[in-house]
Amino acid sequence: MSNVAIKVENLGKKYVINHKKGNGDDNFREVVIGSARKIITSLNPFVKRQEQKDETEHEEFWALKDVNFDINKGDKVGIIGRNGAGKSTLLKVLSRITEPTAGKIHINGRIASLLEVGTGFHPELTGRENIFLNGAILGMSRAEIKAKFDEIVAFAEVEKFLDTPVKRYSSGMYVRLAFSVAAHLEPEILIVDEVLAVGDMAFQKKCLSKMNEVSEEGRTILFVSHNISAILQLTNKCILLENGQISLQGNSDFIVDQYLKQNSKEVYLHQFQKQNESIIFKSLKYIENSTNYFNAPISFKLTIDTSRSIDKFVIALGIHNNMGVRILTAKNIINIIDIGEQHLLLKINDHHLSPSLYSISIGIFEGERNLLYTKEALSFEIPDAGITDHLLI
């Protein structure tokens, strides 16, 4: 246990969700009667409680269930997963902001958390006062805080507003100061949620660099982010959450790769009609390549439906890497598209894409005028195969 910073055993967090009975389609008469009933029953506490009991249904929701993991001192751990997977709930439980419903947590060291904009700050106090308040909460002496004070202010870049109440700070200023305090007051464990996304790109880069510096000093970092690039850059281990439970945990490169592959197996079919346009983008499908050699053409089948003929029909495909960065754009121009359902074969030659996972965005134009656009229409993978060994002469 001496080298373990955080040990979690059978952790669970349950919430009770209340649902009002009924179909939600009350008419005006029912609303008026309901309001009058609430006024009358409020005069009798017993009737009020009975009324609430009759009109409300309760549902148990486990945000976390049977979560087990160990994090060693000095580990840099990324926590990833879809929205609603339980990432933020896990950090709140670890930070002791909320109590677990089940299980045990053993923490060896002082924790600093940055979970939401303004967490731990008193809005009526100035930036200067909040620095000392947060330091005191972390158990640091006034002398220790003063020794780090100038570094904190310089990093946060809020010197001009240091004696201004933080309630007047922008969200970006709030985050800059909060992160600076959390990172510089030397906690053994630093927990950071997606809140860094509030800052600009320069500040995010600065924060990642600071977290790397903190980890090199032997301190432990837990980092939640949807920015896969940041996860790979900062962390060496990763936990993948799914529906409140751990799906996978291990090396960051492996876990991120598996997470992206899981998402790529979903069917991406977009059916919609843009207002005042008579074209429907029905589907885009990746055609598996049986040859599997490097730089082999990649093909897609596009299905659309039009209610009028379209002149100078242009299709543009954007290919994005697993960090979401567009690395290739290809387009095809068709003189005219007739009325009705159309199945179009799109092929990209000489793409020079390395084996990896990619996503596709697609735009449809009539000349220069955009008709339809969708990002991440589908994902596809170029396998690591087809490169033979040859001697260099």
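Student: In S13, which residue is the bridge partner of Phe-313?

Tutor: First, a caveat: this is a predicted model, where local features need pLDDT of at least 70, side-chain atom pairs count only at pLDDT 80 or more, and totals for chains, interfaces and linings use all residues. Residues are numbered from 1 along each chain as its sequence is written, and side-chain values use heavy atoms, with hydrogens and water left out. S12 (residues 310–320) and S13 (residues 326–337) run antiparallel, joined by 10 bridges (strands are DSSP E runs of at least two residues, helices H or I runs of at least four, numbered from the N terminus; two strands pair if DSSP finds at least two bridges between them). The partner of Phe-313 in S13 is Ile-334.

Student: And how many bridges join S12 to S15?

Tutor: Those two strands run antiparallel, and Ala-316 stands opposite Gly-363 in S15. The bridge count between S12 and S15 is 8.

Student: How many of the 11 residues in S12 are buried?

Tutor: Buried means under 20% relative accessible area, exposed over 50%, and partly exposed in between, using a 1.4 Å probe and protein chains only. By that cut-off S12 is mostly covered, and the number buried is 9.

Student: With which side chain does the side chain of Glu-366 make a polar contact?

Tutor: Glu-366 is in S15 (residues 356–366). Leaving aside neighbours within four places in sequence, its contacts (heavy atoms within 4.5 Å) include Ile-310, Asp-311 and Leu-371. A polar contact is a pair of N or O atoms within 3.5 Å; within protein, one must be able to donate a hydrogen and the other to accept it, and residues adjacent in sequence count only if both atoms are side-chain atoms. At 3.0 Å, the partner is Arg-308.

Student: Why does His-351 count as buried?

Tutor: His-351 is placed in the loop between S14 (340–348) and S15. Not counting residues up to four places away in sequence, His-351 touches Asn-295, Ala-296, Pro-297, Ile-298, Leu-328 and Ile-382. It counts as buried because its relative accessibility is 7%.

Student: Which backbone nitrogen does the His-351 side chain reach?

Tutor: The side chain of His-351 sits in a loop residue between S14 and S15. At 3.0 Å, it reaches the backbone nitrogen of Leu-353.
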